[in-house]
Amino acid sequence: MAANIALLAAEEESHNPLLPATYDIVWSIVCLVIVGFVFWKYVLPMFQKVLAERTEQIDGGIKRAEEAQAEAKAALEQYRAQLAEARTEAAQIREDARTQGQQIIAEMKAQAQEESDRIVAAGNNQLVAQRQQIVAELRGDLGRTAVDLAEKLIGESLADDVKRAGTVDRFLNELDSIGANSAAGK
């Protein structure tokens, strides 16, 4: 046994205390290989699958975002086109309304002028009719006054209606001619 103890002591002296024993290294390598195989066979494929799904989601999200951005640009361009079209239509409507307003004003002025002309003509016709009526009344009154005056001057009755009417008409005609000459002289 002394030889055994000497062998152990010699082994202990030659053995590096920092290195584990050989059986520990062997069993550690076996465990590492088993854990590596399980990791490589089961964990790594699941990790790659999750990573691939994530990559696909990110790429799909980027693609959807680009599509949404393209749709938004198209919608913005369409909105701008519609806005420009609406502005053009509004300008056209304003211009049409202005033109129609001017036409309506012109028509109303024409109607007002026609109505004014009609009222003036009716007034003139009424004045002419009243003037003729007044002249007729004045002639009658003037004729009666002239006959009364003539009867007083002559001293006899002018009973003959035909003579009286002729005398009155002649007198009135002379008055009209005197009035016309004096009006032409002014």
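This is a predicted model: local features need pLDDT of at least 70, side-chain atom pairs count only at pLDDT 80 or more; totals for chains, interfaces and linings use all residues.
Reader: Hi! What does E115 form with R118?
Author: E115 forms a salt bridge with R118, and their closest N and O atoms are 2.3 Å apart. The term covers a side-chain nitrogen of Lys or Arg within 4 Å of a carboxyl oxygen of Asp or Glu. Residues are numbered from 1 along each chain as its sequence is written, and side-chain values use heavy atoms, with hydrogens and water left out.

Reader: Thanks! How far along the helix are E115 and R118 from each other?
Author: They are three residues apart in helix α2, so about one helical turn separates them. Helices here are DSSP runs of H or I with at least four residues, strands are runs of E with at least two, and both are numbered from the N terminus.

Reader: How many salt bridges are there by this rule?
Author: The count comes to three. E77 pairs with R80, with the closest N and O atoms 3.7 Å apart, and R98 pairs with E95 at 3.0 Å, N to O. E77 and R80 are three residues apart in α2, and R98 and E95 also lie in α2, three residues apart, about one turn of the helix.

Reader: Why does R98 count as partly exposed?
Author: R98 counts as partly exposed because its relative accessibility is 46%. Buried means under 20% relative accessible area, exposed means over 50%, and partly exposed is in between, using a 1.4 Å probe and protein chains only. E95 is partly exposed at 39%, E77 at 48%, R80 at 47% and E115 at 36%.

Reader: OK, new topic. Which residues in α2 are buried?
Author: G60, G143 and V147 are buried in α2. Of the 186 residues of the protein, 3% count as buried.

Reader: What about the overall layout: how many helices and strands does the protein have?
Author: Three helices and zero strands, running α-α-α from the N terminus on. Helix α2 has 133 residues and reaches 187 Å from its first C-alpha to its last, close to the 198 Å expected at 1.5 Å a residue. That expected span is 1.5 Å times one less than the number of residues.

Reader: Where does α2 bend?
Author: At W40, by about 40 degrees. The bend is the angle between axes fitted to the seven residues ending there and the seven starting there.

Reader: Is Y42 buried or exposed?
Author: Y42 counts as exposed, because its relative accessibility is 52%. Its place is in helix α2, which covers residues 22-154.

Reader: Last one: what does UniProt list for residues 25-44?
Author: The unreviewed UniProt entry lists them as "transmembrane region". UniProt positions follow the numbering used here, feature names are shortened, and annotations may be inferred rather than shown by experiment. In the model, residues 25-44 are 100% helix and 0% strand, with end C-alpha atoms 26 Å apart.
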